[in-house]
Structures are given as C-alpha cells and as structure tokens.
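I opened this entry to record what I looked up.

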Amino acid sequence: MMIACEFLLPRLQVARGSRLLVSDLPYRPTQPRIPLRTFSHPIQRFNHSVSMSQQTSTDQTMASRKTTKSKSTPAEPRPSSSVIIISPHNEVLLLHRVKTSTSYPSAHVFPGGNLSSQDGPCPPVDDIARHDDGPWYRNAAIRELFEESGILLAKDRDSGKMIAVPQEQREAGRRAIHQNKMTFAEWLKEQHPAAVPDMEGLIPFTRWLTPIRLPRRYTTQMYLYFLPLPMEIDKPVLNEIPHEGEKEEIQVPTSDGGVEISEARFLPASEWVRMAQKGEAILFPPQFMLLHLMAEFLNQGTPGMESVEELKKQREELLQFIHSGQPPWTDKCICPKALQIGSDGLTVMKLDHPGPELEGTDRKGEAERVVQLKFVKGVPREVVVRWKKDVFEESHL
C-alpha cells in the first residue's frame with residue numbers, strides 16, 4: 001500500500017518507487033508509476049567512467065567459464081567512488097544500466113564512477129592512503145551522482161545551507177558537463193560563488209576492491225547519504241525559498257538520456273533484494289550485500305505508512321549498525337574471493353580479505369558473512385547473504 005505525500009513546488013505528481021527517466025517534475029514519493037520524458041538530444045558522456053561498485057564484486061568469469069589462474073601481478077586498482085542515496089521515505093536510489101553498456105549491461109547499480117583530475121590529487125599507487133577515504137573520493141562521488149542522476153548535493157560554504165537549483169538548470173548543466181564544455185566545479189560556481197559539494201554529508205560505508213583475477217580492477221569508496229526527512233523539507237534552502245504554504249522542491253533522479261543509464265528509481269532496500277532474488281533485477285555482490293544490510297533497518301513498517309519519527313529511528317539504527325563491528329562497516333575493506341562449492345556452479349564469495357594492496361596493514365574485510373550465488377552467463381542469480389560458518393559447515397570447507 002502506498003500513501004501519497006505532497007510537495008507543492010509546483011503542484012505536480014511524481015511516483016514513489018516509480019521508474020524515473022528524464023524529468024523536470026518535483027519528487028512525489030507515493031504515486032503510481034509515471035514515465036518521464038527523455039532529453040530531446042541524448043547526452044553524450046565523453047571520458048566514459050564505470051563505477052568499480054559495478055565492476056568490483058563479481059569474479060564472474062570463474063563461474064561462467066573455466067579459466068587458468070594468472071600468475072601475473074594483479075592489475076592496479078583504479079580509484080572510484082559510489083554513493084547510496086536514501087530518499088525522504090528511506091528508499092534507495094539505483095540506476096539501471098542500458099542493455100548496450102560495455103560494462104554490466106542491464107544491471108542496477110548505485111551512482112558512481114572513476115576519479116578524475118578535477119576531484120583533487122589522489123595518493124599514488126604505492127601509497128596505502130590511496131585506499132583511504134579522502135576529499136578526492138568524496139568530490140568524485142558527488143560529481144558522478146550529479147552527472148548520472150541529476151541530483152545535486154551542494155551547500156553554501158559560508159552559511160552551511162543547502163543550495164537548490166531548478167531542474168531545467170541542472171539538466172542543462174549536465175549536458176554541458178557531459179559534452180566537456182565545462183567541469184562540474186565550474187558549473188557549480190556559476191550557480192553561486194560560495195557553492196561547494198556537501199562532502200560532510202557523506203558517510204563511509206565499506207570499500208570494495210575488484211577480485212584479483214579480473215583484468216580491470218578498482219578500489220571503490222562507498223558512501224551513504226540521507227536526503228532530508230519529510231519534516232525537514234519545510235526548511236528553506238539558499239536561492240529557492242518556497243512561497244508561504246508551499247514546500248521546497250525535492251530533486252528527482254533522472255537518466256542520462258539513455259547513453260549509460262536507462263532509468264533511475266527509488267525503492268525500499270528490501271524490494272530491490274526481492275527483485276534480484278526473483279530475477280527481476282540484476283544486482284552484483286557489493287550492491288546486493290549493502291542492500292541486504294540496509295533492508296534490516298529501513299522500511300520495516302507498512303510501505304508508505306511510517307511516521308517521520310519512525311523514519312528517523314530507522315536511520316539512527318542503521319547508523320548505529322554501520323559504526324559497529326570489528327572493524328566497523330565504515331572501515332571494512334573487501335576484496336571478494338570466489339570459491340565454487342557445488343558442481344552446479346554454486347559459488348561463495350568470501351569477503352574477509354582486504355586485497356593484496358593492503359596485506360600487512362590493519363585493514364580488514366567482513367569475516368562473518370558471505371555472498372552465495374550462481375553465475376549464469378556472467379549474470380549473478382540466486383543471490384543470498386549467509387553466515388560464513390553455516391556455509392562452511394555445510395560444504396566441509
């Protein structure tokens with residue numbers, strides 16, 4: 001059951017859990033699915049980048065075909081960032097990659113991508129700090145989020161207030177950025193001279209390194225970001241103060257015109273997990289694992305019926321969990337290792353190793369859980385998260 005929640009700038013309706021394409025409509029969390037119009041001219045993204053969270057998980061070649069273990073040194077992982085956006089109703093944003101994508105076609109992924117020079121200098125490959133959270137990763141996460149979905153996370157450096165930019169201006173900015181007419185930082189300064197990315201709002205939530213057997217590897221910093229709760233939407237934002245009796249605009253995620261992303265959609269974490277298990281969506285291990293964890297805390301009541309107090313409590317409990325454990329989930333560094341445990345292709349992804357780049361350091365992965373799945377033509381199916389001890393006892397590993 002879904003209950004409509006209105007936002008009045010302007011009085012138009014957008015779906016909660018809808019398939020959101022390119023649009024200039026304000027966010028409406030709970031209406032029926034409404035397809036949104038596409039760009040009149042598809043955006044072309046030069047300097048194509050692919051989020052390691054879309055690459056990192058899978059060691060899928062082990063299950064899709066037999067390969068000979070390479071004795072060469074693993075490829076150097078390229079730095080990248082990804083951000084998990086939580087909606088005002090505690091739903092999770094995923095982007096659906098186009099079928100023609102050269103990397104993970106048709107998969108659902110978190111917004112993100114590779115670091116570029118405009119994000120700031122990242123430590124060199126021989127520096128362990130390259131695999132630590134830093135402003136270069138945070139800048140990349142916010143920039144890629146804007147480029148891929150149109151959602152802007154920026155604030156006034158002096159006042160700390162969030163900056164709102166009308167939908168049409170954001171879409172025009174995305175087109176200019178994708179066509180290399182300007183950088184994200186240059187566009188942001190045009191909106192307001194004191195505008196800066198809201199890096200402080202990003203909460204680290206694991207780092208993933210691509211399995212060592214794959215030819216292209218990434219070191220991806222994952223973040224969590226909470227959009228304001230419904231009660232906080234009444235607060236005015238810089239340059240876009242609503243009229244009396246109205247509420248400020250909630251940004252609508254949109255595709256990039258169908259070049260890399262075909263749709264952007266908010267759904268409960270538990271619904272994304274269900275869709276993946278039913279074969280209705282493709283989720284690779286990093287996305288599935290993190291959605292599985294979030295589903296334990298978010299949207300626990302009747303969908304659309306939670307009060308603001310309940311939504312806030314869900315967020316607080318999730319944050320408490322993320323900061324728990326040894327190491328906490330904010331610091332876990334995971335380089336998945338695949339073990340085939342069944343003749344039918346059943347595979348377990350161990351998550352306890354941080355990767356060869358971090359051997360000898362105090363960085364650790366997740367020691368208690370594993371991801372169990374089968375790869376069918378390179379696509380993960382029958383994905384579940386299980387306790388490691390249970391799987392190893394059953395398989396006598």
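I started with the fold inventory of the protein chain: nine helices and 14 strands. The model is predicted, so I kept that in mind throughout.

Next I checked burial. Of the 397 residues in the protein chain, 58% are buried. The chain exposes about 17,200 Å².

Then I looked at contact range. I took contacts between residues at least 6 apart in sequence; 68% of them join residues at least 24 apart.

**Helix pair**

How do α3 and α4 cross? I found that the axes of α3 (residues 135–149) and α4 (residues 167–178) come within 9 Å and cross at roughly 105°. Angles of 65 to 115 degrees count as roughly perpendicular, and α3 and α4 therefore fall in that class.

I listed the residues that meet. From α3 I noted Phe146, Glu147, Glu148 and Ser149. They meet Arg170, Gly173, Arg174, Ile177 and His178 in α4. By type, this contact holds two nonpolar, three polar and four charged residues.

**Asn90**

I moved on to the loop between β1 (78–86) and β2 (92–97), where Asn90 lies. Is Asn90 buried or exposed? Its relative accessibility is 0%, so Asn90 counts as buried; the cut-off is under 20%.

What does the side chain of Asn90 contact? I found a polar contact with the side chain of Gln314, at 2.9 Å. Leaving aside neighbours within four places in sequence, I also noted contacts of Asn90 with Leu229, Leu298, Asn299, Leu311 and Arg315, among others.

Methods:
Residues numbered from 1 in each chain as written. Predicted model: local features only at pLDDT ≥ 70, side-chain atom pairs only at ≥ 80, totals over all residues. Heavy atoms only, no water. Axes fitted to C-alpha atoms, helices over the stretch in contact; angles between N-to-C directions. Helix = DSSP H or I, 4+ residues; strand = E, 2+ residues; numbered from the N terminus. Parallel < 35°, antiparallel > 145°, perpendicular 65-115°, else oblique. Contact = heavy atoms within 4.5 Å. Nonpolar A, V, L, I, M, F, W, Y, C, P; charged D, E, K, R; others polar. Buried < 20%, exposed > 50% of the residue type's maximum accessible area, 1.4 Å probe, protein only. Areas by Shrake-Rupley, 256 points an atom, 1.4 Å probe, with all protein chains shown as cover. Polar contact = N/O pair within 3.5 Å; in protein donor to acceptor, adjacent residues only side chain to side chain.
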